[in-house]
Amino acid sequence: MKKKVPFVLREPNLVPKNLKIRLFLFLLVNGILLALFPILAIFINFPYGYLCWILIVCIAILFNIKAYHIHTERYPLNDYLEYQFNPLKDEIKKIDGEFVIDVFKVSNNVYKILLKNKVLYFDLKGCICPLTVIRAYLIRQFTIRYINQYKLVSDTMGKNINIFKLFKECENVILYYKKENKDKKFYIIKSYRTKMNSFIKSINGYGYVFWYVSYHGMNKYYMKVSENDFVDRKNTSPTRVGVY
């Protein structure tokens with residue numbers, strides 16, 4: 001079955017590549033939408049003014065969700081070879097019975113991740129949520145392989161799942177962000193279950209709802225998932241690597 005690009009993933013042709021221009025347009029559009037509230041209150045009579053407010057709120061939500069996806073899908077900026085990670089092959093350090101992944105900020109939003117025998121680099125210059133992007137990447141490496149192994153419907157990408165059947169040793173996987181004298185602790189896997197908040201689910205599950213219409217209604221189906229799907233969305237042209 002040939003994979004098609006969902007409509008929601010088709011980036012508008014007018015989206016500029018320059019980060020500063022995108023930021024300016026983001027602030028401009030939100031500023032205009034915000035300014036419409038008092039204008040409508042003055043010139044539109046009750047109750048139609050409130051209906052217009054609801055419409056503007058809906059437009060603002062949809063616009064900001066799309067802006068979030070357009071922003072995060074461009075990262076990491078560096079080549080996939082520099083951050084390629086396969087949890088079935090690459091060993092993670094084990095401390096006191098828990099798997100630990102250390103992440104350090106090298107400079108200017110470039111991050112380094114230490115595995116047992118491997119170092120990963122993430123160029124996240126200009127990213128508004130670098131640790132969220134890193135956590136989303138690490139979690140989906142487990143999820144991708146679990147989905148492909150057991151042929152689950154692909155919208156599982158946006159859900160927290162129990163990965164015990166495939167990763168029997170990984171009861172807990174913790175990401176430690178080391179910054180000066182403060183350490184931040186994030187669970188990637190806890191009690192064999194992936195730990196994604198709503199922002200990470202939005203990144204990993206974006207566009208992964210494949211379905212078809214049959215006599216009995218609408219059915220979802222399995223489609224092989226790959227990190228190359230995310231690599232292809234970036235505005236750079238990194239080297240594609242076949243890891244499956």
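**Core and helix packing in the predicted model**

The largest nonpolar core takes in 40 residues, and those with the most contacts inside it are Ile-113, Phe-122, Ile-134, Leu-138, Phe-142 and Val-173. A core here is a set of buried Ala, Val, Leu, Ile, Met, Phe, Trp, Tyr and Cys residues joined through side-chain atoms within 4.5 Å, with buried meaning under 20% relative accessible area (1.4 Å probe, protein chains only). At least two core residues come from each of β2 (98-107), β3 (110-114), β4 (119-123), α3 (130-150), β5 (172-179), β6 (182-190) and α4; helices (H or I, at least four residues) and strands (E, at least two) are DSSP runs, numbered from the N terminus. The top contributor is α3, with 9 residues. A second, separate core has 6 residues, among them Ile-147, Met-157, Tyr-208 and Val-225.

This is a predicted model, so local features need pLDDT of at least 70 and side-chain atom pairs count only at pLDDT 80 or more, while totals for chains, interfaces and linings use all residues. Residues are numbered from 1 along each chain as its sequence is written, and side-chain values use heavy atoms, leaving out hydrogens and water.

Back to Ile-134: setting aside neighbours within four places in sequence, Ile-134 is in contact (heavy atoms within 4.5 Å) with Val-103, Tyr-111, Ile-113, Phe-122, Leu-124 and Leu-175.

As for the helices, Tyr-68, His-69 and Thr-72 in α2 meet Phe-199, Ser-202 and Ile-203 in α4.

Definitions and conventions: Buried < 20%, exposed > 50% of the residue type's maximum accessible area, 1.4 Å probe, protein only.
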